[in-house]
Amino acid sequence: TSNNGPVCEGRTLELNTDTIPFAKYFWTGPNGFTDTLQNPVIDSTNTLHAGTYEVTATSLMGCVSLPTTTDVIIKPLPSKPEVKDSIINVCEEMSLNLNATLPLTNATFNWKGPNGFTSAIPDPVVDNMTLAKGGNYQVKATVDGCEGPPSNVMVYVHFNPRVDMGKDTDLCKGDVKILDPGLFDSYMWQDGSQD
């Protein structure tokens, strides 16, 4: 007998034994498991499926074999990574700082996001943000070959206002010119001659 383990939690466990012509099989295992297939399959495993599985074969004449066993290892999945912020607002052209942690030293991380973004480090930086880079960023942790559930970060990218003051204007001393840059939330004025 054999199995396809070690298996990550949530994956399929396959139990296998030799073919005996015309035989009937009987499997027993952890958590009350029984099956009469030659090669049973357990979908969506969890840690309760770990342990020793035993199978016997009964011949056409009713003779029962000695039992044989196979030991199954189910590796638990890591938890969701903890993200610093689940919602981030950022302006165009700024940098986006992502951050994920997991209280395990042997964890690796996998980030995916809009515009083809991927990263294998826990705290990647996305430079020069554009509207196309906004959206859902997802990170998963992998421990001992098993990938856990994702955490999500929703990133909203806000456009930078473009102020059009029109053409340069020559003024005589004492003239008044009303400057109207448009309707924005706030303004910062400075004397361009001081650049």
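Trainee: Which hand does the link of C8 and C146 have?
Mentor: The link of C8 and C146 is left-handed, with -90° about the S-S bond, and please keep in mind that this is a predicted model.

Trainee: Where in the chain do those two cysteines sit?
Mentor: C8 belongs to strand 2 (residues 7-8) and C146 to strand 18 (residues 146-147), so that the pair, 138 residues apart, links distant parts of the chain. Their sulfur atoms are 2.1 Å apart.

Trainee: And how many disulfides does the structure hold?
Mentor: The structure holds 1 disulfide, and C8 and C146 form it.

Trainee: Is C146 buried or exposed?
Mentor: C146 is buried, since its relative accessible area is 0%, and C8, at 10% relative accessibility, counts as buried too because the cut-off for that word is under 20%.

Trainee: Switching topic, which residues form the nonpolar patch on the surface?
Mentor: That patch is formed by F22, L60 and M61, which together have about 460 Å² of accessible area.

Trainee: Where is M61 found?
Mentor: M61 is in the loop that runs between strand 7 (51-58) and strand 8 (68-72), and with 75% relative accessibility M61 counts as exposed.

Trainee: What about P161, where does that one lie?
Mentor: P161 lies in the segment that follows strand 19 (151-158), and at 47% relative accessibility P161 counts as partly exposed.

Trainee: How many Å apart in space are P161 and C91?
Mentor: From C-alpha to C-alpha, P161 and C91 are 10.0 Å apart, although 70 residues separate them in sequence. C91 counts as partly exposed, at 32% relative accessibility.

How values were computed:
Residues numbered from 1 in each chain as written. Predicted model: local features only at pLDDT ≥ 70, side-chain atom pairs only at ≥ 80, totals over all residues. Heavy atoms only, no water. Patch = residues over 30% accessible without salt bridge, like charges linked within 9 Å, V, L, I, M, F, W, Y side chains within 5 Å. Areas by Shrake-Rupley, 256 points an atom, 1.4 Å probe, with all protein chains shown as cover. Salt bridge = Lys/Arg side-chain N within 4 Å of Asp/Glu carboxyl O. Helix = DSSP H or I, 4+ residues; strand = E, 2+ residues; numbered from the N terminus. Buried < 20%, exposed > 50% of the residue type's maximum accessible area, 1.4 Å probe, protein only. Disulfide = S-S within 2.5 Å.
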